[in-house]
Amino acid sequence: MVGIEELAGQEIKPLSEIELKQSCLIAEIGGRKELKRRLMDMGLTQNTLVTLINTAPLGDPLEIKVRGYKLTLRKSEADLIKVRKIDL
């Protein structure tokens, strides 16, 4: 498995742009203070492993797996979450 230090040089992109079944680590969370706090309260914190499970037919919302549970996010929220892809 790849260490967090080795991922530091990898490209950062929005969670909304990763492929289905792709796992990634959260690099940073943007947005307004209230929204950022709400996302962090749901378990979306820096260096947390997330996997894109499913998307709705038109691409919104997205279903992710984080910390052992499934979470549904709007695409606009997923755009604020920047991630680094990893291979498990």
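Of the 88 residues of the protein, 38% count as buried, where buried means a relative accessible area under 20%, exposed means over 50%, and partly exposed covers what lies in between (1.4 Å probe, protein chains only). The model is a predicted one, in which local features need pLDDT of at least 70 and side-chain atom pairs count only at pLDDT 80 or more, while totals for chains, interfaces and linings use all residues. Residues are numbered from 1 along each chain as its sequence is written, and side-chain values use heavy atoms, with hydrogens and water left out. The accessible surface of the protein comes to about 5500 Å², calculated by the Shrake-Rupley method with a 1.4 Å probe, and for residues only the protein chains shown count as cover. Carbon and sulfur atoms hold 49% of this surface.

Next comes the overall fold. The protein has three helices and six strands, which follow one another from the N terminus in the order α-β-β-α-β-β-β-α-β. Both kinds of element are DSSP runs numbered from the N terminus: helices are H or I runs of at least four residues, and strands are E runs of at least two. Among contacts between residues at least 6 apart in sequence, 61% join residues at least 24 apart; a contact here means heavy atoms within 4.5 Å.

The six strands form an open sheet in the order β1-β6-β2-β3-β4-β5, with antiparallel pairing. Two strands are said to pair if DSSP finds at least two bridges between them. At the edges stand β1 (12-14) and β5, each with a single partner strand, so one side of each is left without a neighbour in the sheet. On average, neighbouring strands of this sheet are turned by 45° against each other, direction ignored; the angles are taken between axes, which are lines fitted to C-alpha atoms (for helices over the stretch in contact), and run from 0 to 180 degrees between N-to-C directions. In general, strands of a sheet pair through backbone hydrogen bonds, either parallel or antiparallel.

A walk across part of the sheet shows how the strands line up. Strands β2 and β3 run antiparallel and are joined by three bridges, with Cys24 having Val50 of β3 as its bridge partner. Strand β3 (residues 49-55) in turn pairs with β4 in the antiparallel sense over five bridges, and here Val50 has Val66 in β4 as its partner. Six residues lie between the strands in the hairpin of β3 and β4, where Gly59 takes a positive phi near 90°. The hairpin of β4 and β5 has two residues between its strands, and Arg67 in the turn has a positive phi of about 55°. Strand β4 (residues 62-66) also has two faces: Leu62, Ile64 and Val66 make up the covered face, whereas Glu63 and Lys65 make up the uncovered one.

The largest nonpolar core has 18 residues, a core being a set of buried Ala, Val, Leu, Ile, Met, Phe, Trp, Tyr and Cys residues joined through side-chain atoms within 4.5 Å. Those with the most contacts inside this core are Leu15, Leu44, Val50, Ile64, Leu73 and Ile81. The elements that give two or more residues to the core are β2 (23-29), α2, β3, β4, β5 and β6 (81-86). Leaving aside residues up to four places away in sequence, Leu44 touches Ile26, Ile29, Leu39, Val50, Ile64, Val66, Leu71, Leu73 and Ile81. In soluble globular proteins, nonpolar side chains tend to be buried together.

The structure holds five salt bridges, each defined as a side-chain nitrogen of Lys or Arg within 4 Å of a carboxyl oxygen of Asp or Glu. In one of them, Arg32 pairs with Glu34, the closest N and O atoms being 3.8 Å apart, and both residues are exposed. In another, the closest N and O atoms of Arg37 and Asp41 are 3.6 Å apart. Because Arg37 and Asp41 are four residues apart in helix α2 (residues 33-41), they are separated by about one helical turn. Arg37 is partly exposed at 48% relative accessibility, and Asp41 is exposed at 58%.

The side chains of Glu77 and Arg38 also meet in a salt bridge (2.3 Å, N to O). This pair links distant parts of the chain, 39 residues apart, with Glu77 in helix α3 (residues 75-79) and Arg38 in helix α2. Glu77 counts as buried at 5% relative accessibility, whereas Arg38 is partly exposed at 37%. Salt bridges that share partners join Arg38, Arg74 and Glu77 into one network.
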